[in-house]
Amino acid sequence: MPSLGEPRALFDAPCEGGASAVHTEDKRVHVKTFGCQMNVYDSERMGEALGADGFRNTDSPEDADLVILNTCHIREKAAEKVYSELGRIRAMKVERQRLGRDTVVVVAGCVAQAEGAEIIRRAPVVDLVIGSQSYHRLPALVARIRAGEHGIVETEFPEEDKFEHLPQRADPVRGKRAPAAFLTVQEGCDKFCTFCVVPYTRGAEVSRPVEQILAEARRLVAQGVREITLLGQNVNAYHGRGSDGRPCSLAMLIRALAGIEGLERLRYTTSHPRDMTDELIDAHGREPKLMPYLHLPFQSGADRILAAMNRKHTAAEYLALVDRIRQARPDIALSTDVIVGFPGETDDEFEATLEMVRKVGYAQAYSFKYSPRPGTPASTLDSVVAEDVKAERLKRLQDLLDAQQAAFSTSLVGRVLPVLLERAGRKPGQLVGRSPYLHIVHGDAAPELQGSIVPMEIVEARANSLAGVIKGL
Ligand code: SAH
Ligand code: SF4
Ligand code: F3S
């Protein structure tokens, strides 16, 4: 799984060869994705919508008639990356113009939602700014730009449900789908943590209806998908409408999805501690398809900071929750998000964060220096922590988290784990897959095993992956 803020090359095979008989013109799109898994999913869906409109995917922006930046606003650095990228695209557009070819430039995602028309003022190369609830309108809007319009801003939250208007997940005849897929089930957030832009960029919590999700999952499975990660900014607050019209919880949704034959693994992310219900915790003990890995951000180990963050849980409540989860599923691997240097954080409060990490023991974690975001309540606090203090705290925290990650990976050496083989490795004869605990696992394997779950003995733990040998096939 990508860490938040890590750009991902997109999208895989589904859009390859997407030009239909009706669209004879060769049109190419390049999508660059920043930010979280939800943006990765959105980029895939945008690509598929454009694929149905005759666009083929290209990895090189120089070849693209349409360049889309799917952006992230979570921290200042993430948002600023967009503008440096737009500088490069501007130069590229000029170069293409010299060759008589035009380039349509689109900014989508959370920066688009947060900054709207300001983006075009700052970077006039941008033709279209589109929010994350409107991308079903992308093909029509791109057509308007190709017909001569410029500077369209589409960031209202539309009445209609974009999922109802998007084409179905791209057909397998267009290429083989990777065996692990994302599926967004919930969008937006009502929690309003005081540091976070998501409630503003993604809006209020909305859950997709159960039938819509099941239909998409069945289609993905028919296309070769074996593992689905259910996505939501606050996924365990999921409360979509069931076929009987009644609200359905994430635990109920997981049970329904587990009934799909051929779907072998389920995961979900990201969860808020406050929404970890007993029913969902029980599901970790009962449902074998639910993988023993849970991302559960705690942000800070100090109650005063947690209250200032409006996290709605204390350190003790989080620890009690971890105990209950581990009772239900003793081998569960936990991961988390942590912020250091929230305004007013003292040395002792930072020590409480380190203590939390020591008490829980994480298999994986993402840690960040607090970054003030425009429009959020925390950005108006003046008890700012100095940059060098933040950097020093982050280093200490990351050293501890790295040591825990290494200890967990090393403890698996000698164990045989089921690995879902996802793709070809860099070395010939190798495939790369995922352990139940989400490690990347490399090993020698015949290409036809891609998409299978095989038992692998873990023979080596590396910094960010494991090496394995297939057993007993
Ligand atoms: N919905 C998820 C995560 C959303 S953002 C959740 O509630 O856990 C992902 C992570 O980015 C957060 O968990 C937080 O650790 C970090 N983050 C969000 N806003 C931030 C900010 N202003 N500065 C630094 N880190 C931030
Ligand atoms: Fe942001 Fe908090 Fe919502 Fe997570 S729960 S998306 S950190 S407001
Ligand atoms: Fe970034 Fe938006 Fe995701 S701000 S982390 S891309 S929800």
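User: What makes β19 and β20 count as paired strands?

Analyst: Five bridges join β19 (residues 430–434) to β20 (residues 440–444). Strands pair if DSSP finds at least two bridges between them, so β19 and β20 qualify. The two strands run antiparallel. R434 stands opposite I440 in β20. A strand here is a DSSP run of E, at least two residues, numbered from the N terminus.

This is a predicted model: local features need pLDDT of at least 70, side-chain atom pairs count only at pLDDT 80 or more, and totals for chains, interfaces and linings use all residues. Residues are numbered from 1 along each chain as its sequence is written, chains are lettered from A and ligands numbered from 1 in the order in which they are written, and side-chain values use heavy atoms, with hydrogens and water left out.

User: Which strands close into a barrel, and in what order?

Analyst: Five strands do, in the order β18-β19-β20-β22-β21. The pairing is mixed. Neighbouring strands of this sheet are turned by 50 degrees against each other on average, direction ignored (axes are lines fitted to C-alpha atoms).

User: What makes the approach of D337 to ligand 1 a polar contact?

Analyst: A polar side-chain atom of D337 lies 2.6 Å from an oxygen atom of ligand 1. The limit is a pair of N or O atoms within 3.5 Å, so D337 passes. Backbone atoms pass too: a nitrogen atom of ligand 1 is 3.0 Å from a polar backbone atom of F195, and a nitrogen atom is 2.7 Å from one of S371.

User: How much of ligand 1 does the protein bury?

Analyst: Taken alone, ligand 1 exposes 540 Å², and the protein buries 93% of that (Shrake-Rupley method, 1.4 Å probe). The elements giving two or more residues to its shell are β16 (333–340) and β17 (364–369). In total, 16 residues surround ligand 1 (a heavy atom within 4 Å). Q233 is one of the closest.

User: Which residues surround ligand 3?

Analyst: C36, N39, T71, C72, H73, I74, C110, R202 and Q233. By class, they divide into four nonpolar, four polar and one charged.

Note on methods: A polar contact is a pair of N or O atoms within 3.5 Å; within protein, one must be able to donate a hydrogen and the other to accept it, and residues adjacent in sequence count only if both atoms are side-chain atoms. Helices (H or I, at least four residues) and strands (E, at least two) are DSSP runs, numbered from the N terminus. Ala, Val, Leu, Ile, Met, Phe, Trp, Tyr, Cys and Pro count as nonpolar, Asp, Glu, Lys and Arg as charged, and the others, Gly among them, as polar. Axes are lines fitted to C-alpha atoms, for helices over the stretch in contact, and angles run from 0 to 180 degrees between N-to-C directions.
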